[in-house]
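Dear colleague,

I am passing on a structure for you to look at, and my notes on the ligand and on the charged pairs follow below it.

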Amino acid sequence: MVQSIGSKKLKVAVFISGKGSNLKSLIKFSKLKKSPIMINLIISNNPKSKGLNYANKFQIKKKIFNFDKKFYEKKILYELKKNNVDLICLAGFMKILSKNFIKKFKGIILNIHPSLLPKFKGLNTHAKAIKNKEKYSGCTVHMVTSKLDSGKIIIQKKVTINKQDTPKTLAKKVLAEEHKLYPKAILKIINP
Ligand code: GRF
């Protein structure tokens with residue numbers, strides 16, 4: 001999917017809204033000697049995102065945008081272009097990007113979702129999976145299109161749901177797998 005990057009690393013922008021534990025795992029991945037990526041931008045819609053602390057800690061440029069203000073998409077697109085971003089990783093990002101934004105950004109956009117898509121799109125996935133008496137849940141990395149949680153699936157990881165699981169315990173198990181899955185998905189789009 002990514003034609004050829006030669007020896008050049010892919011420039012990645014990570015979009016976050018909250019804790020940023022997936023961001024942390026992506027930063028860790030980017031620091032590996034042979035990593036194919038470098039994270040050069042962190043974007044958040046939420047100035048209180050705990051994940052923004054990683055920007056300071058690892059000296060990565062961060063930008064906060066108010067998604068209720070006019071022209072915010074234009075400003076984000078400008079920032080992405082300025083930083084030569086090839087790949088956007090949405091990681092716990094709680095806003096929906098518009099059709100226009102997705103069309104205008106010329107690189108790839110990935111998202112990580114805490115369910116085995118196409119099951120349980122949207123929010124509260126763990127509660128939905130338990131309520132539905134599923135034996136398994138998991139996580140999915142997929143391409144972002146204008147339809148919510150519906151783009152091409154890159155990779156998934158299954159997790160067993162036990163009788164004792166609550167949405168909280170399931171979220172914890174799935175999140176641990178998310179941290180391993182996102183780097184794998186990036187490797188997969190580079191070397192399909
Ligand atoms: C993750 O389960 C992610 O898939 C979901 O939000 C959770 C928190 O992610 N969308 P993070 O710790 O902010 O990366």
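How far is an oxygen atom of the ligand from an N or O atom in the side chain of E178? In this model, which is a predicted one, that distance is 2.6 Å. Taken on its own, the ligand has 370 Å² of accessible area, and the protein covers 81% of that.

As for where the ligand sits, the space that it takes is the largest pocket. Two elements, α1 (21–30) and α6 (167–190), each give two or more residues to the shell around the ligand. The shell as a whole consists of K19, G20, S21, N22, G92, I112, P114, L175 and E178, and when these are sorted by class there are 3 nonpolar, 4 polar and 2 charged residues.

Turning to the salt bridges, the count comes to 6 when a side-chain nitrogen of Lys or Arg has to lie within 4 Å of a carboxyl oxygen of Asp or Glu. One of them joins the side chains of K61 and E79, with 3.2 Å from N to O. Because K61 belongs to the loop between α2 (52–57) and β3 (62–64), whereas E79 belongs to helix α3 (residues 72–82), this pair ties together parts that are 18 residues apart in sequence.

Best regards

Definitions and conventions. Residues are numbered from 1 along each chain as its sequence is written. This is a predicted model: local features need pLDDT of at least 70, side-chain atom pairs count only at pLDDT 80 or more; totals for chains, interfaces and linings use all residues. Side-chain values use heavy atoms; hydrogens and water are left out. A residue is near a molecule or strand if one of its heavy atoms lies within 4 Å of it. A polar contact is a pair of N or O atoms within 3.5 Å; within protein, one must be able to donate a hydrogen and the other to accept it, and residues adjacent in sequence count only if both atoms are side-chain atoms. Accessible areas come from the Shrake-Rupley method with a 1.4 Å probe; for residues, only the protein chains shown count as cover. On a 1 Å grid over the protein atoms alone, a cavity is a set of points where a 1.4 Å probe fits but cannot get out, and a pocket is an open set with protein on both sides within 12 Å along at least five of seven lines; lining residues have an atom within 4 Å of a point. A molecule sits in a cavity or pocket if more than half of its atoms lie within 2 Å of its grid points. Helices (H or I, at least four residues) and strands (E, at least two) are DSSP runs, numbered from the N terminus. Ala, Val, Leu, Ile, Met, Phe, Trp, Tyr, Cys and Pro count as nonpolar, Asp, Glu, Lys and Arg as charged, and the others, Gly among them, as polar.
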